[in-house]
Amino acid sequence: MHFKEKDRRQAFGYFLLTNMHCYIFLLGLLFIASLLELGTLALPIALIYRGPAACHGCSETIADRLRSKYQIIYVGPKEQLDVNKDTLSMAQLYVQPGGGDLDETWPHVRRYASPLRDYVRNGGRYLGTCLGAYLAGTLPGFDLLPGRGQTDQYITSKGALITSEIDTVVPLYWRGILRHVYFQDGTRLMIDRTAAPAEILAVYTNGEIAAAVQNNGKGRVGMVGPHPEADESWYAMYKLKNNDGKMSFDLFDDLVKTLMA
């Protein structure tokens, strides 16, 4: 009897280990079900990454911009849900916010690359701001850009008005109109327009692409190098002023609307 009981316990332990992903998924479903009971899922779901690869407050700032039109669910290694095939299948939008150095943050998110590629190619929408835009490339990144598409630093490009990693405001042309946007070592986008349809929303003053949306399979990828989501507190922290006399929220809204079309 003693050995049979021990065998049963070992078998049960093995069952738990081999089916752990199922339990995690069920917990996610219970979390979603609780939201349904509260009536908060009348809006489409936007998953926003929050974790060690995101800068302090970046995830929450984007949530503030999206909350009126999306049900916000934070995902990450210390959230109730992490980024994987099952959680992504529930969402209409996935957001990768700004963060730190690309090489330093990559180990925290590299495991998301494969499920995010599948998510986008099967019809999902990916939105990346600053670091999130860098991560759409492959140096390193999630490899979300069709063909020879790639991302790199704007500050290293020929004719860049900003050549350091300081927090500042960058001038750019958004749909042909001069605007100013919060900026900290943001991305330039090298879009391969021969590989898939793309819409260029903004260019820096040297002609490099600052914001764009491109098709990838059945889905779409939206990227912006600067931070149009930045609110007054971001500018105040570094005593900056937006020469437009207002925040750039309308540009962020335009990006999201174009991505989700």
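How many aromatic pairs does a search of the whole structure find?

## The model and its aromatic pairs

The search of the whole structure finds 9 aromatic pairs, where rings of Phe, Tyr and Trp (its six-membered ring) pair if their centres lie within 6.5 Å, and planes under 30 degrees apart count as stacked, over 60 as edge-to-face and the rest as tilted. One of them is formed by Trp106 and Phe142, whose ring centres are 5.9 Å apart and whose planes meet at 50 degrees, so this pair is tilted. Because Trp106 belongs to helix 5 (residues 102-109) while Phe142 belongs to the loop between helix 7 (131-134) and strand 5 (150-153), the pair ties together parts that are 36 residues apart in sequence. Helices (H or I, at least four residues) and strands (E, at least two) are here DSSP runs, numbered from the N terminus. Both Trp106 and Phe142 are buried, a word that means under 20% relative accessible area, with exposed meaning over 50% and partly exposed in between (1.4 Å probe, protein chains only).

This is a predicted model, in which local features need pLDDT of at least 70 and side-chain atom pairs count only at pLDDT 80 or more, while totals for chains, interfaces and linings use all residues. Residues are numbered from 1 along each chain as its sequence is written, and side-chain values use heavy atoms, with hydrogens and water left out.

Elsewhere, ring pairs join Tyr94, Trp106, Tyr126 and Phe142 into a cluster.

Some rings also have a charge over them, which is counted if NZ of Lys or CZ of Arg is within 6 Å of the ring centre and within 35 degrees of the ring normal. Arg50 lies over the face of Tyr74, at 3.7 Å from the ring centre, and the charged end of Arg65 sits over the ring of Phe249, 3.8 Å from its centre.

## Strand 10 and its neighbours

Strand 10 (residues 209-216) is mostly covered, with 7 of its 8 residues buried. Two strands pair if DSSP finds at least two bridges between them; strand 9 (residues 198-204) and strand 10 run antiparallel and are joined by 5 bridges, while strand 10 and strand 11 (residues 219-224), also antiparallel, are joined by 6 bridges. Within strand 10, Val213 is the bridge partner of Glu199, and Val213 stands opposite Gly222 in strand 11.

The hairpin of strand 9 and strand 10 has 4 residues between the strands, and there Gly207 takes a positive phi near 95 degrees. The hairpin of strand 10 and strand 11 has 2 residues between them, and Gly217 in the turn has a positive phi of about 65 degrees.

## The cysteines

The structure has 1 disulfide, defined as a pair of cysteine sulfur atoms within 2.5 Å, and this bond joins Cys55 to Cys58 (S to S 1.6 Å). The torsion about the S-S bond of Cys55 and Cys58 is about -70 degrees, so the disulfide is left-handed. Cys55 is partly exposed, with a relative accessible area of 26%, whereas Cys58 counts as buried at 2% relative accessibility. Cys130 is in no disulfide, and the nearest cysteine sulfur, that of Cys55, is 7.6 Å away; Cys130 counts as buried, at 5% relative accessibility.
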